[in-house]
Amino acid sequence: MQDTLLHLPSPFPYLKPHNFPSLSCHYYFYPLSCPRNFHFPTLCPKTNTISLPPKPPKTPEIPSISSHHTPPLPPRPQQPPDSGFQEKMLYLDSLGLDIFSLVNNHRPIILSASLINIKSIVGLLTSKNFTPREFRRIISMCPEILNSTPSTTITPTITFLLREARVSGSDLKHVINRRPRLLVSSVKHCLRPTLYFLQNIGLEEVKRHTYLLSCSVETKLLPRIRYFETIGLSYKDAVSMFRRFPQLFNFSIKNNIEPKLNYFVVEMGGDLKELKEFPQYFSFSLENRIKPRNQCCVEKAMVTDYAIAACSEKTCVNQPVPEQTLKTLGSASLALLPHGITTPSWLNLNQ
């Protein structure tokens, strides 16, 4: 056995036989029958890189509740920005206001309104003898009042109405109840310019028409006067119509004045001069008053005038209008006079 091992070819030819230690030495060699793989590093001028196993995919982290990058949630009602929102709602509810309607329809106003200001507004109106019921009605008509500042908005308006518009203290409640928006209208940019305009066109006793003071001269009052100029009236005649019937300033040109004017001219064969004498024609309902009564008069071949619109349906349909009734209404010009029918001699339009 020893001789056989000594005569086997050496696996390392470059080593001399005498370099191997004796078999009797305590060094141990693996058997030659076991393959051995030797890995030697390769000399290369480039820097060796060690390849690492690929990193496992990151598991998506579940953000904590306090994280700012939370996933989108279903839409929900906007949370009130101030911590006193609940207290504000409880106070408004104690006044008898419909807080759900206010939040749903006027959310920005409610969110920005200050509880301190709201209490000041309630105190100010209470000092002017407004009842809780009147206060609720005022807020329902003009919720912007809740977001106003009493010292810079409401108090100057009340002072203006009493001193410049000559509203008496006993009529103040009536004026505000009729037009609550006065309380949030600027005295400098709205109320005072409108007062001067109404006075300049010759409107007497503006205090009886304070509902017009919150209207803009440029966007509401002047355009209505100019409209009647475009249909053939002079500026003087147009202004005289508004002096006779100031409520005409509140009527919509497109939805009220134009349809009634067309019916008056086309169907009734009326003259614009008649409208100048009786502008109250535009206050009657076209479908429920003007058309039915005009058709009734045409069928009965009877004479009537603008003010026949004030008569009852029974009077117009079932029996002729009494002569005395027409005499009492004769001061108005003929608004509902059917085309081609003459006026009775006893009807004096100048009375």
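Let me start with a loop residue: Glu205 lies in the loop between helix 9 and helix 10. What is the accessibility of Glu205? Its relative accessible area is 45%, so Glu205 is partly exposed. The phi of Glu205 is near 55°, a positive value in a residue other than glycine. As background, most residues other than glycine have a negative phi. Keep in mind that this is a predicted model.

There is another case of this kind. Asn129 sits in the loop between helix 5, residues 115–127, and helix 6, residues 132–141. The phi of Asn129 is also positive, near 70°. Is Asn129 buried or exposed? Asn129 counts as exposed, because its relative accessibility is 56% and the cut-off for exposed is over 50%.

Now the overall picture. The chain has 16 helices and zero strands. Of its 351 residues, 36% count as buried. If we take contacts between residues at least 6 apart in sequence, 61% of them join residues at least 24 apart.

Helix 9 covers residues 187–200 and helix 10 covers residues 217–230; their axes come within 11 Å and cross at roughly 20°. That angle makes helix 9 roughly parallel to helix 10, since angles under 35 degrees are classed that way. The crossing of helix 9 past helix 10 is right-handed. Which residues meet there? On the helix 9 side they are Pro193, Thr194, Phe197 and Leu198, and on the helix 10 side Val217, Leu221, Leu222 and Ile225. Sorted by class, this contact has seven nonpolar residues, one polar and no charged.

As a general point, an α-helix has 3.6 residues a turn, so residues three or four places apart point the same way.

The axes of helix 10 and helix 11 are 9 Å apart, at an angle of about 130°. That makes helix 10 oblique to helix 11. Here too the crossing is right-handed. Helix 10 contributes Arg224, Ile225, Phe228 and Glu229, while helix 11 contributes Tyr235, Ala238, Val239, Met241 and Phe242. By class, the contact of helix 10 with helix 11 has seven nonpolar residues, no polar and two charged. Ile225 takes part in the contact with helix 9 and in the contact with helix 11.

Helix 7 is next, at residues 150–163. Which of its residues are buried? They are Pro150, Thr153, Ile154, Thr157, Ile158, Phe160 and Leu161. Helix 5, helix 8 (172–178) and helix 9 are among the elements that cover them.

On to the aromatic residues. How many aromatic pairs does the whole structure have? The search finds seven. One of them joins Phe245 and Phe251, with 5.9 Å centre to centre and 55° between the planes, a tilted pair. Phe245 is buried at 10% relative accessible area, and Phe251 is buried at 16%.

A further pair is Phe264 with Tyr281. The ring centres of Phe264 and Tyr281 are 5.4 Å apart and the planes stand at 55°, so this pair is tilted. It links distant parts of the chain: Phe264 is in helix 12, residues 253–267, and Tyr281 is in the loop between helix 13 (272–277) and helix 14 (286–300), 17 residues apart. Phe264 is buried, with a relative accessible area of 0%, and Tyr281 counts as buried at 1%. Both belong to a cluster linked by ring pairs, which also includes Tyr227, Phe228, Phe242, Phe249 and Phe282.

Last, a proline. Where is Pro246? Pro246 lies in the loop between helix 11 and helix 12. With a relative accessible area of 4%, Pro246 is buried. Leaving aside residues up to four places away in sequence, Pro246 touches Leu203, His209, Tyr211 and Leu212. Pro246 and Pro279 are 33 residues apart in sequence, and their C-alpha atoms are 9.4 Å apart in space.

That is what I have for today.

How values were computed
Residues are numbered from 1 along each chain as its sequence is written. This is a predicted model: local features need pLDDT of at least 70, side-chain atom pairs count only at pLDDT 80 or more; totals for chains, interfaces and linings use all residues. Side-chain values use heavy atoms; hydrogens and water are left out. Axes are lines fitted to C-alpha atoms, for helices over the stretch in contact, and angles run from 0 to 180 degrees between N-to-C directions. Helices (H or I, at least four residues) and strands (E, at least two) are DSSP runs, numbered from the N terminus. Angles under 35 degrees count as roughly parallel, over 145 as roughly antiparallel, 65 to 115 as roughly perpendicular and the rest as oblique. A crossing is left-handed if the near helix is turned anticlockwise from the far one by less than a right angle, and right-handed if clockwise. Contact means heavy atoms within 4.5 Å. Ala, Val, Leu, Ile, Met, Phe, Trp, Tyr, Cys and Pro count as nonpolar, Asp, Glu, Lys and Arg as charged, and the others, Gly among them, as polar. Rings of Phe, Tyr and Trp (its six-membered ring) pair if their centres lie within 6.5 Å; planes under 30 degrees apart count as stacked, over 60 as edge-to-face and the rest as tilted. Buried means under 20% relative accessible area, exposed over 50%, partly exposed in between (1.4 Å probe, protein chains only).
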